[in-house]
Amino acid sequence: MADYSKPTPMMVQYLILKAKAGDCLLFYRMGDFFELFFDDARIAAATLDIALTSRGEHDGKPIPMCGVPVQAAEGYLARLIKAGHRVAIAEQTESPEEARARGGAKTLVNRDIIRFVTAGTLTEDSLLDSWASNILVALTVVGDVVGIAAADISTGYFELINVGQNAVEAELARLAAREIVVPAGFKNLPLGSIQRPQTEFDSLAGEEMLKRLFMLPSTNPIGALTRAELSAASGLLKYLEHVGQGSMPFLKLPLRREAQDFLLIDQATRDSLEINSSLKGGRSGTLLAEVDRTITGAGARQLAADLAAPLMDKSVIHARLSLVQWLHEAPLLRETIRTELRQLPDIARALGRVVAGRGSPRDLGQIRDGLNGARTLRERLGALNNRPLLLDQLLPKLDGHGALVDLLARALVAAPPTDIGQGGYIAEGYDAALDSLRLLGRDGRLAISQMEARYRESTGIAALKIRHNAVLGYFVEVPAKYGDALLAPGTGFTHRQTMAGAVRFNSPELHEEAVRITQASGHALAAEAAHLEDLIHHILSRRDAISESADALARIDVAAALAERAAEGGWCRPSFSDLAEINIEGGRHPVVESALSKSGDRFIANDCTLAPDRRLWLVSGPNMGGKSTFLRQNALIIVLAQAGSYVPATSARLGIVDRLFSRVGASDNLARGRSTFMVEMVETAAILAQATPRSFVILDEVGRGTSTYDGLAIAWAVVEGIHETNRCRCLFATHYHELTRLADSLDALSLHHVRAKEYKGDLVLLHELAEGAADRSYGIAVAKLAGLPPAVIARAQSVLTKLEKGRAETGGLAAGLDDLPLFSAALNSAEARVDVLREKLNGLDIDALSPRAALDLLYELKRTAGEG
């Protein structure tokens, strides 16, 4: 920021506020515009594609400046936030009249920052995606535990959780936070995170803030909170206080989560499976987009949260599935429910704006209509028999708002406006005094209309009009050529303003009527504002119950949507067992199947039967044969099932999965200096370090990013490690046919391949899975199918023939593999050789050795080290 030698009072005020704003762009209110200066102006002008101008000079150079209209500020804010910026809003805290009364005619109007607009603290409809949650996360570390506090202030959602260091990435991936705050000095900063003072992450302060915010004598109703959770809660609440400049948004009593409540899925796996977001960004082509048949914004957000955090508790999963099944088996009822839900507004976000102090009459109308629709749905569903348990738990939450709905119905017009300043949102008949004030205003406007007609007749000027604006109020306006006639003495008109083509006048009669209208209108606006404040108070007194109703509606929408999707696709209800198994018959990939159906093609379904004695499948076969699709579809079926959804299969019986890992496909991560092979190895290392016997792992072509020998060696060792150490359920796809020899030594490994045939020289991919290893890779056939030139194909075939001949004569890549000990045996063998050397060395008397004896001993030790 420039250093001013003689700054103006306005610039002094601006500089003080800019220092308070820190690294945020400062929107500085000047009349009807928010202005930005210096670097803020340059950044905003480039991002918003608006003109960069200047104001005054410093050191002979103009001061950069740009501005946006206050009335259109939300649209510009949305673009700035999307571009990764944060904005501080500096508003006038007094009127110009108050400033003049305080210090004279030239006194500067006071301004202050009233709010920080950041990605994780939005509530306005225009700044939010109605179909996605808007999560703010605070992270902190206490000892070996990471505390996480997460909130969506647009709906009041609030959760606390503490996890080990190795589960942080998976939790952040689940939450998909728009904004992350951490204490200063935090190690391994999440990308784009904001550092705040360490003093804001204090566990004792967090406990006191929670008790004060929720009016609790202790935090026991929340649960046995750890220091890490309390510290994270402190950081999140302090940040919200800072952003709101002391005003706290709507937060529900926090849910205390346990890491073991959810199926853990790290970011690499989510990216690979494209669960909620595609590799290209956005929802298109994702599991969420393919499953989503919700018809409310709240339902869409709930479904996204369910798919992001599949459950571990079978009883909760079964409760969700039973509600889906009940609606699946009653298509007429399902359609009726969906029709009623389609009419309901997003009361969760409307409530969030009201509690945050940014609510409008329209938000109150949405809450009224939403709660009234909830009551109607409660009456319809409550009259039905054989309701599932989850529905019985939800129905009471839809009712209990009768008095509030009746109050809002009497007080508000049918379609309340967003703008408070113009009034007109309180219904007639609600307040007799207000009705009288409005009648005075209407009568006054009628009187002015009649006055205009009389003035035209008396002056003979047909073009005379009585107009109104915010500066002059009511005035008489005539074309300029008639101005002299009204300026003549005795006309009763007083000159007010001369324009280029018109002259404006006042009259005593008009002035008196205008005063009556203005006073009546002002009193009416004040009366409406008072009623609005009273209505908001009634809503705030029931905010928790209203929020529960919104959550219940969202859950019903999700269940009906999943039932609809299951009916569309012929999906089945999954069942769960206590065994570490995956038994899927006729499994299909929902996204690929949908894409094929649009082009008129049929998806080939396949079975997958993993059991404790056949927990690792080695899948071989040609490229484009469907290996990757098969791997992914089984992972997605698990995600859907544990989220409480029907699945695309003929039948599915699953053992609960605690962690899901996918190493399918990779790309260079140039931003972090990682090649494809490095990314592959990092992800594979995470799997080997974290997978448990209850996990499910899919691995595709591990080792392909390096030399053939290195790649085969790594793939061999990874298969053994998965089988012997992790002992998890795993599908391992490979082109290394040498790995099939592992079936002879690994008792829980079985061989499978995707079928293909050559017909008249052309490759036919059948996309079917069969027992046993593939007879060959069909690589050249796939290359021909892809369109490589015939000369290149012929040359490749001749090279392949020579290579295969050499491999047959020498043993090739497979030479010596039959004698290779198993993973654990190899480790023991290496350790045994080290022990022999150690024993020989410990028994030596080095000082007694002659040079010749020492040399002989070195040869002996070398032979010992090289044995086995």
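In which sense do strands β14 and β15 pair, and over how many bridges? They pair in the antiparallel sense, over 5 bridges. Please keep in mind that this is a predicted model.

**Strand β15 and its partners**

- Strand β14 covers residues 465-469, and β15 covers residues 473-479.
- The two strands form a hairpin, with 3 residues between them.
- Strand β15 is mostly covered, with 6 of its 7 residues buried.

**Aromatic rings**

- The model holds 9 aromatic pairs.
- One of them is Y14 with F37: the ring centres are 4.9 Å apart and the planes meet at 80°, so this pair counts as edge-to-face.
- This pair links distant parts of the chain, since Y14 sits in helix α1 (residues 9-21) and F37 in strand β2 (residues 33-37), 23 residues apart.
- Y14 counts as buried because its relative accessibility is 0%, and F37 is buried too, also at 0%.
- F37 has another ring partner in Y28, with centres 6.4 Å apart and planes at 65°, so this pair is edge-to-face as well.
- Like F37, Y28 is buried.
- Put together, ring pairs link Y14, Y28, F37 and F38 into a cluster.

**A charge over a ring**

- R29 lies over the face of F34, at 5.8 Å from the ring centre.

**Q366 in helix α14**

- Helix α14 spans residues 361-382, and Q366 is found in it.
- Is Q366 buried or exposed? Its relative accessibility is 13%, which is under the 20% cut-off, so Q366 counts as buried.
- Which residues does Q366 contact, leaving aside its neighbours within four places in sequence? They are P345, D346, I347, A350 and R353.

Terms used: Residues are numbered from 1 along each chain as its sequence is written. This is a predicted model: local features need pLDDT of at least 70, side-chain atom pairs count only at pLDDT 80 or more; totals for chains, interfaces and linings use all residues. Side-chain values use heavy atoms; hydrogens and water are left out. Helices (H or I, at least four residues) and strands (E, at least two) are DSSP runs, numbered from the N terminus. Buried means under 20% relative accessible area, exposed over 50%, partly exposed in between (1.4 Å probe, protein chains only). Contact means heavy atoms within 4.5 Å. Two strands pair if DSSP finds at least two bridges between them. Rings of Phe, Tyr and Trp (its six-membered ring) pair if their centres lie within 6.5 Å; planes under 30 degrees apart count as stacked, over 60 as edge-to-face and the rest as tilted. A charge sits over a ring if NZ of Lys or CZ of Arg is within 6 Å of the ring centre and within 35 degrees of the ring normal.
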